[in-house]
Amino acid sequence: MSATDGTTGPAMRSAKLPRTALAGPYGHPFHPIAVTIPIGAWTASLVFDVIALIADDSEPWVVGARALILVGLVGAIVAAVLGLLDLSRIPARTPARRTAVTHGVLNGGAIALFAVNAIVRFAAGDDFSAFGFVLSIVTLAVLGVSGWLGGKLSYRWGVRVADESVQREGFAGG
């Protein structure tokens, strides 16, 4: 591809720049940092579910899993806003843009499924919810696919990653 088709040169470099300071500085976006909150909380909620299945008293683990799902939802909203800021820098009609949109749609679906999961768990009270447990497994699988796509955006196509001339600074003089 050439610089005249809008997918290399200035257009590609613009995808490395933050839309606003809220998105994080050049070469250090906040979106990848923020996603650790929902991923960690939702993964921990699944661990709590497993413990609830084998514990003599499942109630504290059920309550903990429910709380972790709520923490994950709040974190996911923050991560989504930051992700949309990064998405806004990717040129239209490019493989990176299509991948980013798919990544965002899958994450939006995960947020919706975990919102349903929270409702299911609140309806179950302090009792273990098998449906909530299965929903967590399915949603974390969706999140895994989405995470792989997010990694492709960063590590393969360099979205919001410093260009190679900046990266060379870390390897100079060794």
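Student: Which helix is Ser 146 in?
Tutor: Ser 146 sits in helix α6, residues 130-156. Helices here are DSSP runs of H or I with at least four residues, numbered from the N terminus. The model is predicted, so local features need pLDDT of at least 70 and side-chain atom pairs count only at pLDDT 80 or more, while totals for chains, interfaces and linings use all residues. Residues are numbered from 1 along each chain as its sequence is written, and side-chain values use heavy atoms, with hydrogens and water left out.

Student: Is Ser 146 buried or exposed?
Tutor: Ser 146 is buried, at a relative accessible area of 0%. Buried means under 20% relative accessible area, exposed over 50%, and partly exposed in between, with a 1.4 Å probe and protein chains only.

Student: What does Ser 146 contact, leaving aside its neighbours within four places in sequence?
Tutor: His 103, Leu 106 and Asn 107 are in contact with Ser 146. Contact means heavy atoms within 4.5 Å.

Student: New topic. What is the phi of Arg 93?
Tutor: Arg 93 has a phi near 60°, which is positive, and Arg 93 is not a glycine. Most residues other than glycine have a negative phi.

Student: Where is Arg 93?
Tutor: Arg 93 lies in the loop between α4 (59-87) and α5 (95-124). Arg 93 is exposed, at 73% relative accessibility.

Student: And Arg 160, buried or exposed?
Tutor: Arg 160 is buried, with a relative accessible area of 2%. Arg 160 also has a positive phi, about 60°, and its place is the loop between α6 and α7 (164-167).

Notes:
Helices (H or I, at least four residues) and strands (E, at least two) are DSSP runs, numbered from the N terminus.
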